[in-house]
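Visitor: I am new to this structure and would like to know what stands behind the terms used for it. Please show it to me.

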Amino acid sequence: MNILHSKIYGQDKSGMPLLVFHGLFGMLDNWASFGKVMGEFFPVHLVDLRNHGKSFHSEDMSHDDLAHDIAHYMEAHSLEKVNLLGHSLGGKAVMQFAVKYPVKVEKLIVVDIAPKAYPPHHQGIIKALQTVDFQKLTSRQEVEDALKEYIPETSVIQFLAKNLYWTEDKTLAWRFNLETLSEKYDQFVSNAIKFGVFTGETLFISGAKSNYILPQDEFQIKQQFPHAAVVTIANAGHWVQAENPTDFNEVVKDFIFNIKKY
């Protein structure tokens, strides 16, 4: 059984552990600042999804596969019940897990993603990544320059470049499994999560400048997560936790500690 790679903050703290799952082409390091802050209050497990970061590579990449991975991870770490937080693709993973294993989830936090199917919208990024030839490019700067030909946003290039690492034979490579992520893209982006209902407390957090959660999505959200609230964070796009960490952290803390009812 393959167990997902993680980094744990606040291991010495009591309280319900929080498991955090990043988005597509991300890794647990994207959530390090958040993990340090929240690790002052309770254990926080930052987890690499399969085919990402230092977790295992696989040809399978459905929402069910991601949910099974969370179940195996909890079993390996002797966790009976947890709070879950997932961003984007990680949000799809935690939603699928919550409707499949509701008794294992205390509270659910879904960041800037709805349970619906999305039209393909990463083709430009995938094409850019596929054009990178690591036989010819021998420095991080050269890779970033190659990506600039296809991707105009510096922030996106920097986000992707965090996945670069030096292999044992001294060549650069991507940590994520680009082959599977491009081949199975439709399975996890262009599919809704399977129908099921999670009746526990749920919070959807969207970025004010993002269009991933639309007002009309609330009907579907409430069908599967009847006790869900949707909160919008000002001055933030899709990467809510990075773009407005102060407000984001406060909302998460208030929800987990019942300081505020949303």
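Visitor: Which residue is the bridge partner of Ser 206 in β9?

Guide: The model is a predicted one. In it, Ser 206 has Thr 232 of β9 as its bridge partner.

Visitor: What makes β8 and β9 a pair?

Guide: Two strands pair if at least two bridges are found between them. β8 and β9 are joined by 6 bridges and run parallel, so they count as paired by that cut-off.

Visitor: How many bridges are there between β5 and β8?

Guide: Strand β5, residues 105-111, pairs with β8 over 5 bridges, in the parallel sense. Within this pairing, Leu 108 stands opposite Thr 202 of β8.

Visitor: Is His 238 buried or exposed, and how do you know?

Guide: Buried means under 20% relative accessible area. His 238 has 14%, so it is buried.

Visitor: Where is His 238 in the chain, and what does its side chain meet?

Guide: His 238 sits in the loop between β9 (228-233) and α10 (240-243). Its side chain makes a polar contact of 2.9 Å with the side chain of Ser 88. The cut-off for such a pair of N or O atoms is within 3.5 Å, so 2.9 Å qualifies. Apart from neighbours within four places in sequence, His 238 is in contact with His 87, Ser 88, Asp 112, Ser 210, Tyr 212 and Glu 243.

Visitor: Which residues lie nearest the centre of the largest pocket?

Guide: His 238 is one of them, along with Ser 155, Val 156, Phe 159 and Trp 239. The lining has 24 residues, and the volume of this pocket is about 610 Å³.

Visitor: Which helices supply at least two residues of that lining?

Guide: α4 (123-131), α6 (154-161) and α10 each do. The largest share, 4 residues, comes from α6. By type, the lining of the largest pocket divides into 9 nonpolar, 13 polar and 2 charged residues.

Visitor: What makes a space a cavity and not a pocket?

Guide: In a cavity a 1.4 Å probe fits but cannot get out, whereas a pocket is open. The count comes to 1 cavity of 30 Å³ or more. The largest cavity has a volume of about 100 Å³.

Visitor: Which residues line the largest cavity?

Guide: Among them are Leu 24, Ser 88, Lys 92, His 121, Phe 188 and Tyr 212. The lining of this cavity divides into 7 nonpolar, 3 polar and 1 charged.

Visitor: Where are Asn 51 and Asn 258, and are they buried, partly exposed or exposed?

Guide: Asn 51 is in the loop between β3 (44-47) and α2 (63-76). Its relative accessibility is 0%, so Asn 51 counts as buried. Asn 258 lies in the segment after α11 (245-256). At 44% relative accessible area, Asn 258 is partly exposed, because that value falls between the 20% and 50% limits.

Note on methods. Residues numbered from 1 in each chain as written. Predicted model: local features only at pLDDT ≥ 70, side-chain atom pairs only at ≥ 80, totals over all residues. Heavy atoms only, no water. Buried < 20%, exposed > 50% of the residue type's maximum accessible area, 1.4 Å probe, protein only. Polar contact = N/O pair within 3.5 Å; in protein donor to acceptor, adjacent residues only side chain to side chain. Contact = heavy atoms within 4.5 Å. 1 Å grid on protein atoms, 1.4 Å probe; cavity = no way out; pocket = protein on both sides within 12 Å on 5 of 7 lines; lining within 4 Å. Points joined across faces, edges and corners; volume = space filled by probe spheres on them. Nonpolar A, V, L, I, M, F, W, Y, C, P; charged D, E, K, R; others polar.
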